[in-house]
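Colleague: Please take me through the barrel in this model. I would like a close look, with the cut-offs spelled out.

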Amino acid sequence: MRFLPVNLNALLVELDNLEQTLALLASLKDEPIAGIEELVPAARTILIRWRPTACSMADLVREIGQRDVSARAQRSATLIEIPVHYTGEDLADVAQLLGITPEEVIRRHTGSEYTVAFTGFAPGFAYLSGGHPSFNVPRRSTPRTRIPAGAVGLAGTFSGIYPQASPGGWQIIGVTPTAMWDLAREVPALLQPGYRVKFIDIATISSAQNTKATEAGSQKFLASLASQSLTHVLGDAALEVQSPGLQTLFQDLGRSGQAGQGVSASGAMDQTALKVANRLVGNASDSAGLETAGGGLCLRSRGDTVVAVTGADVPLTVTVTSANGHRWQAARYQPLALADGDTLTMGPPQAGLRTYLAVRGGFSVQPVLGSCSTDTLAHIGPPPLVVGDVLAIRPVQHGAVVGLREEPPTDLPTTQQVVTLDVVLGPRTDWFTAESLERLHSQPWQVTPQSNRVGIRLLGEVALARAVPDELPSEGTAWGAIQVPPSGQPVLFLADHPLTGGYPVIGCVATYHLDRAGQIPIHAWVRFNPIRDFEPTTTGARDTACPTDNC
């Protein structure tokens, strides 16, 4: 096995094949290593995120390197049957690629039993291995911009089912009414690693059974949407949304530990700013707050409330209704008392991008999978705020102490400067030319308007060129990963990034600069600064200390 760098708290273990990957995964689950927080298995790799205070990288590599990967992972006793309408757009193309008839494709697909090897790409998306030996088909040369929920597809040696409508490049041979992802279930993802799966041609099922399956799938989807609604039960105080700005979301510190269901952590883009806001109003640091990008948020206080605003440098205006609409400028990074009827308005950022608001007592919002964070890619969590939303506030906990004023950061990114981000090179630097590795840090990259919570799309004068033209098997991706698609223009993954990806990652923004990355505004310029010396090896890793005081 090889150990490849990902970040200061993550590495990628590369193995020879899927069987070894599953064997190592089973070993790490049966005999956990202290400090490991997340395992993201893929076709030939396992992304491991660990807590550096619990174990060193050298100890982790040594411990994993001693594990036996020759044993065959045991299959689960659970068998899931998936009914399919074999009417996919690519069925005829797949048949032509394999030199058989569409009917034979269906027969082979339903005649084999699959195993859930790993999950990723989207919540509830499972990579199914073990199909008919002839099934090894390439992805579409041009991915579709929209594939419907329930689409059954083939890519390489895997079968998969799209849990929700999304872009994708798999060859679609059918569609199922069975919900792959349902938040009304105790475990939302229907397919779990190790489960056995068998596909059934709906054409062979009676019409009554077919109708029942379709109705059940629709009901589960509606229940899933309903479970993500905001909590509107009011207490003694609340905040009413007068204007939501461009996009205002509930965010906390995220939902880690859900990789087995294909769910990334998400959470606040600037976690330090959220923690400070909560501390200022006396809340637990992981309490949910509001994250808004670009300013424009306006809230009206119902009853007396105490809030704190942190993050981007935005002007704050309080309009006091009891004083005939008198307005005054409020300060960030300190507790702010609002009386009944007062409104708080955020102007456009002068520096930074995202602003955080916490309220004393905390917002009364229903968590999803243990977190109130809204994942914009996975569509998990409360919806964005709209005009008229009334945000209930929980009662203040006994002993909660309002904090003192704190100093705002003085180095928030702006469009007038080049923002430097430290990066750990890897895991796929060997997929790029030497000139591209040099260009990554010598050339500035501009943030494009297509950027969002999923990632920052960057544009450079000269694109990055690959030395290896092959298709990379899907593997785990980390927050901060710099993925390079065929265009050669990098994408910097942020909080709502997909759990796995199929394009090579040339580096990853160092953990201590992730908050900074989340504050970079559109049209700003970015420069990457490589900071870590980590040699891919079969036995261990050589690394140097972080060159800043922020590690």
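Modeller: In this predicted model, 7 strands close into a barrel, in the order S25-S32-S29-S30-S27-S26-S33. The pairing is mixed. Strands here are DSSP runs of E with at least two residues, helices are runs of H or I with at least four, and both are numbered from the N terminus. Two strands pair if DSSP finds at least two bridges between them. Neighbouring strands of this sheet are turned by 40° against each other on average, direction ignored. Axes are lines fitted to C-alpha atoms, for helices over the stretch in contact, and angles run from 0 to 180 degrees between N-to-C directions.

Residues are numbered from 1 along each chain as its sequence is written, and side-chain values use heavy atoms, with hydrogens and water left out. Local features need pLDDT of at least 70 and side-chain atom pairs count only at pLDDT 80 or more, while totals for chains, interfaces and linings use all residues.

Strands S26 (residues 445–447) and S27 (residues 455–459) run antiparallel, joined by 2 bridges. Val 447 has Leu 458 in S27 as its bridge partner. Helix H7 (residues 434–442) packs on the sheet. H7 touches S25 (418–425), S26, S32 (505–509) and S33 (525–530), contact meaning heavy atoms within 4.5 Å. The direction of H7 makes about 120° with that of S33.

Now the packing. A nonpolar core is a set of buried Ala, Val, Leu, Ile, Met, Phe, Trp, Tyr and Cys residues joined through side-chain atoms within 4.5 Å. Buried means under 20% relative accessible area, exposed over 50%, and partly exposed in between (1.4 Å probe, protein chains only). The largest nonpolar core has 38 residues. Leu 421, Leu 492, Ile 520 and Phe 528 touch the most other members. Elements giving two or more residues to this core include the barrel strands S25, S26, S27, S32 and S33. Helix H6 (271–281) provides the largest share, 6 residues. Leu 492 is in contact with Leu 421, Val 454, Gly 455, Ile 456, Gly 480, Ala 481, Ile 482, Val 509 and Ala 517, leaving aside its neighbours within four places in sequence.

Another core, of 28 residues, lies apart from the largest one. Among its members are Val 241, Phe 250, Ala 312 and Cys 372. Both Phe 250 and Phe 363 are buried.
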